[in-house]
Amino acid sequence: MTLASQTILPEQGGDIVLSNGNRYERIERPSLEYTDEVARVTAPLYEKVRHHIPEIEWPVHAPYVYAINRLKKQRNAAILAHNYQTPEIYHCVADIAGDSLQLAMEATKVEADIIVQCGVHFMAETSKLLNPSKVVLIPDMRAGCSLADSITGEDVRLLREANPGVPIVTYVNTSADVKAESDICCTSSNAVAIVESFGVDKVLLIPDEYLAQNVAKQTDVKILTWKGHCEVHERFTAEELLAYKDIDPAIQIIAHPECPTEVTAVADFTGSTKGMIDFALGQKPGAKVLLVTECSMASNIQEQAPGVEFIKPCNLCPHMKRITLPKILDSLLDMKEEVVVDPLMAARARKAVERMVNLKN
Ligand code: SF4
């Protein structure tokens, strides 16, 4: 993880003071007993997760859900949860759920002063870039990403020197430092369009090697790339997916373009997180869908597609799973960990993101 952010948590007169000078009152730690009131208020939320959380476990989660939802109002905070968060976070405390860019963009519309990012560090940075006046907290500063950590801003400067005149397109799964050195950002859904928007014959698309290879299959533009990989998606193999097809040829295989090309070659559909969800939700009742991505996504979208049977090869992202209900509670109580991006770097990184957004529109 780059050091584009830091935690500042000085205390003055009992209040918590953040980097922008704002003061926040200390709030007493709530009781975490599973009372009748907690059971009653959280019962509708349990209905959303009952297929994933056994009834016997709910009294452990419910007091946190109850306390976090009350605390959010007290702090005027909004919780953003990535699709790879666990169901009790995604369905029970999140105000906005989606992929990383969706979250940051949606956060610009909320009235809350504070964003609690339930995702990994680069996502919290992106939220801060697009919402500079808001306080952005991440419940565990160690929630990194193998892809984002594969490259630094200095690496991008060296790439630019070695490839003069070649546009640099950076995947949004990168630090603010890397975005700041790039010409434009892209997501997995718009990467082909962004690459072709320059009208040149060669583009650097970094840092995901497999995304770059999957994009290269769809364009005549020559794609240069970097050796970064998502440690979740790179583990899937064509062999394991074909074994599912052998058992039931009707299974629809849906893969994320961060998977190796041998995997996307055997998929029935390849698309971004949102593209995968749209494809899965468009299936008829009774369909069997094998989601080749992080394990929690199938659990989180199951409620929207009750007639679809999701088959999960199940690779978990250990970084996403650092975020838990107890840490979210601590984050709201203690206003930690604050994500701070150097303003000059933020301005340059924001431009790269905004260029992408404007191109899309
Ligand atoms: S799933 Fe992959 S790209 Fe996403 S945070 Fe985890 S390691 Fe990074």
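Biologist: What makes strand β14 (residues 288-292) and strand β15 a pair?

Modeller: Three bridges join β14 to β15, and strands pair if DSSP finds at least two bridges between them, so these two strands qualify. They run parallel, and valine 289 stands opposite phenylalanine 310 in β15. Strands and helices here are DSSP runs numbered from the N terminus, with at least two residues in E for a strand and at least four in H or I for a helix. The model is predicted, so local features need pLDDT of at least 70 and side-chain atom pairs count only at pLDDT 80 or more, while totals for chains, interfaces and linings use all residues. Residue numbers start from 1 along each chain as its sequence is written.

Biologist: Which sheet holds β14 and β15, and what is its strand order?

Modeller: An open sheet of four strands, in the order β13-β12-β14-β15, with parallel pairing. β13 (269-270) and β15 (309-311) stand at its edges; each has a single partner strand, so one side of each lacks a neighbour in the sheet.

Biologist: Why is strand β6 (residues 114-118) called largely enclosed?

Modeller: A residue is buried if 20 or more other C-beta atoms, placed from the backbone, lie within 10 Å of its own, exposed if 12 or fewer do, and partly exposed in between. Five of the five residues of β6 are buried, so the rest of the structure largely encloses this strand.

Biologist: How do you know that both faces of β6 are covered?

Modeller: Side chains in a regular strand alternate between the two faces of the sheet. On one side of β6 are Ile114, Val116 and Cys118, on the other Ile115 and Gln117, and all of these are buried.

Biologist: Which strands pair with β6?

Modeller: Strand β4 (residues 77-82) is joined to β6 by five bridges and runs parallel to it. Alanine 77 has isoleucine 114 as its bridge partner in β6. Strand β7 (residues 135-137) also pairs with β6 in the parallel sense, over three bridges. There, isoleucine 114 stands opposite valine 135. From β6 the chain crosses through helix α5 (residues 121-130) to β7, and this β-α-β crossover is right-handed: seen with the strands pointing away from the viewer, the path from the first strand over the helix to the second runs clockwise.

Biologist: Why is proline 207 called buried?

Modeller: Proline 207 has 26 other C-beta atoms within 10 Å, so it counts as buried. Its C-alpha atom is 5.1 Å from that of glycine 228, 21 residues apart along the chain. Contacts require C-beta atoms, placed from the backbone, within 7 Å; leaving out residues up to four places away in sequence, proline 207 touches partners including Leu147, Tyr171 and Trp226.

Biologist: Which other peptide bond is cis, and where does glutamate 337 lie?

Modeller: The bond from lysine 336 to glutamate 337 is cis, with omega near -15°. Glutamate 337 lies in the loop between α14 (325-334) and α15 (343-360). Methionine 335 is found in the loop between α14 and α15, with a positive phi of about 55° although it is not a glycine.

Biologist: Why does methionine 335 count as buried, and why does asparagine 76 count as exposed?

Modeller: Methionine 335 has 25 C-beta neighbours inside 10 Å, so it is buried. Asparagine 76 has 11 inside 10 Å, so it is exposed. Asparagine 76 sits in the loop between α2 and β4, and its phi is positive, about 55°, although it is not a glycine.

Terms used: Contact = placed C-beta atoms within 7 Å.
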